[in-house]
Amino acid sequence: MVITVKTLILFTAIFLSSCVNKLHSESVYQSLGGYQKVEEIADNYILEIEKDPVIFEYFKESDVERYRAKVIEHICHHTGGPCEYTGDDMQRVHDGMNITESDFNRGVDLLINAMNTADIPYRVQNRVLAIFAPMRKDIIYRP
Amino acid sequence: MRKWVGVKTMCKCLLNKNLLVTIVLYFLLVGQSIAGQGKLLETAGLTQIEGSGGGGIVPWATISGYDSRDEMSLSVFNTLVFLDDYRLQSWGASAGLFDRVEMSYARQNLHLSASGGEIRQNIYGLKTRLYGDLIYSVLPQISVGVQHKTLVDGAVASTVGAKNNNSGTDFYVAATKVHLGAVGGYNFIWNLAARATKANQLGLLGYGGAKNNDYQVMVEGSVGVLLSRNWVIGFEYRQKPNNLSGVKEDDWRDFFATYIPNKHFNLTLAWTQLGDIADAGNQQGFYVSATGYLW
Ligand code: HEM
């Protein structure tokens with residue numbers, strides 16, 4: 001029991017200290033490596049979409065130039081970079097697409113691939129995912 | 001000006017180059033759309049010792065397979081625990097329905113090294129997710145479940161003084177949450193379960209005893225760190241009742257490392273400390289568990 005309590009305290013301490021650290025440390029945008037890396041991720045992501053028949057189905061009618069520009073702004077802005085997002089809000093953008101839970105996660109896998117190709121470290125990738133995960137509720141199953 | 005390069009164009013070049021590759025690719029892609037693949041890697045969890053989706057010894061709120069809310073899944077598992085005086089095997093299967101309901105069956109064989117005997121029980125599990133998603137919701141994913149257990153032969157249970165040497169049912173509620181990037185950038189998972197039970201040593205030694213014959217609520221927990229997309233390490237604790245007057249029962253704990261190469265398979269190696277079991281003191285040993293996802 002003593003060992004258990006100690007271990008739990010240890011885990012809690014690690015957990016809390018990492019939360020505190022976050023307040024003082026650099027933005028995710030900086031950890032990613034700035035604007036160039038955001039562009040690289042967006043370009044890789046577009047390549048991933050093109051390779052994936054399920055996800056490409058959603059995009060086949062879209063204007064890729066606009067998508068690239070807005071997604072770069074979006075990532076840059078939400079990771080704490082010096083950009084303004086000028087696109088539409090998440091609900092409006094994904095209205096009528098009826099994106100399933102499964103396809104959403106498929107999209108997440110493509111984003112992970114895109115970040116891997118851009119040599120983004122695992123620990124920075126997770127912080128990126130943490131920023132975008134809460135947006136899922138505005139994106140999936142929109143009739 | 002950037003234009004989409006569609007899959008159709010790509011497939012055409014593949015076809016020209018290599019028909020076989022296209023056929024293989026086709027089956028891989030079609031296969032994926034039928035089977036439950038909709039959860040993120042690692043988020044289906046593992047199979048716990050009683051056959052429910054969970055960690056190793058603790059049930060989690062997760063539904064056992066990789067099914068999303070539009071899919072179904074089927075998984076099989078086999079677990080071996082090599083203790084000083086016993087060997088416990090547990091194997092079985094679990095079906096996940098639309099990431100909402102889990103139905104499981106497990107068969108446990110406890111080999112008694114000294115006498116060469118064996119205690120066997122069947123466990124039928126049912127779990128349903130009430131709320132949330134372990135990654136995407138702000139609050140944890142919450143599920144409730146039952147594990148109905150029937151002993152194949154109650155002789156040993158009677159010998160150690162169990163009030164019921166036939167069958168029993170556990171009821172539990174579990175909450176599970178993944179915090180992305182929370183521990184220095186690593187994903188952190190925790191699970192907390194409360195179980196109402198009368199079972200002695202999972203039910204292998206029957207239900208209830210001279211010291212206590214009522215349902216008691218036991219607390220069970222797991223914490224883990226996802227070291228990479230494929231590796232998880234963690235710790236679990238499971239509080240146990242102590243119903244029998246003749247033999248003591250201790251809380252269980254384990255330290256585990258799990259390898260999850262893909263959505264078809266995972267393998268867990270753990271060090272378990274299970275305390276006194278029947279007349280054998282301080283039982284420790286290795287735990288090996290594999291789950292295969294068929295659908
Ligand atoms: C957290 C996850 C996601 C985020 C943050 C996100 C963000 C965005 C952004 C910023 C845009 C551009 C908006 C604009 O042009 O004004 C966009 C467009 C789009 N997104 Fe998403 N998206 C996500 C997930 C998905 C998924 C999973 C799919 C499909 C499976 C998807 C399909 C689309 C499509 C097809 C467009 C183009 C819409 C158009 O052409 O008008 N998105 N998304």
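For my notes, a polar contact is a pair of N or O atoms within 3.5 Å; within protein, one must be able to donate a hydrogen and the other to accept it, and residues adjacent in sequence count only if both atoms are side-chain atoms.

I'm working on a predicted model, where local features need pLDDT of at least 70 and side-chain atom pairs count only at pLDDT 80 or more, while totals for chains, interfaces and linings use all residues. Residues are numbered from 1 along each chain as its sequence is written, chains are lettered from A and ligands numbered from 1 in the order written, and side-chain values use heavy atoms, with hydrogens and water left out.

**Ligand contacts.** I started with A:His94, where a side-chain N or O atom sits 2.9 Å from a nitrogen atom of the ligand. Then I checked ligand oxygen: one such atom is 2.6 Å from a polar side-chain atom of A:Arg66. For A:Ser62, I get 2.8 Å between a side-chain N or O atom and an oxygen atom of the ligand.

**Ligand shell.** I count a residue as near if one of its heavy atoms lies within 4 Å of the molecule. That gives 21 residues around the ligand, with A:Phe59, A:Ser62, A:Arg66, A:Asp88 and A:His94 as the closest. By type I find 14 nonpolar, 4 polar and 3 charged; here Ala, Val, Leu, Ile, Met, Phe, Trp, Tyr, Cys and Pro are nonpolar, Asp, Glu, Lys and Arg charged, and the others, Gly among them, polar.

Which helix gives the most to the shell? It's H5(A), with 5 residues. Helices H4 (53-59), H5 (64-78) and H6 (90-94) of chain A each supply at least two. These are DSSP runs (H or I, at least four residues; strands are E, at least two), numbered from the N terminus.

**Salt bridges.** My rule is a side-chain nitrogen of Lys or Arg within 4 Å of a carboxyl oxygen of Asp or Glu.

I looked up A:Arg136 with B:Asp133, whose closest N and O atoms are 3.8 Å apart. This pair crosses between chains, from the segment after helix H8 (122-132) of chain A to the loop between strands S6 (118-131) and S7 (141-151) of chain B. Are these two buried or exposed? Both A:Arg136 and B:Asp133 are buried (under 20% relative accessible area; exposed is over 50%, partly exposed in between, with a 1.4 Å probe and protein chains only).

Next came B:Asp99 with B:Lys39, at 3.1 Å from N to O. They lie 60 residues apart, and both are buried.
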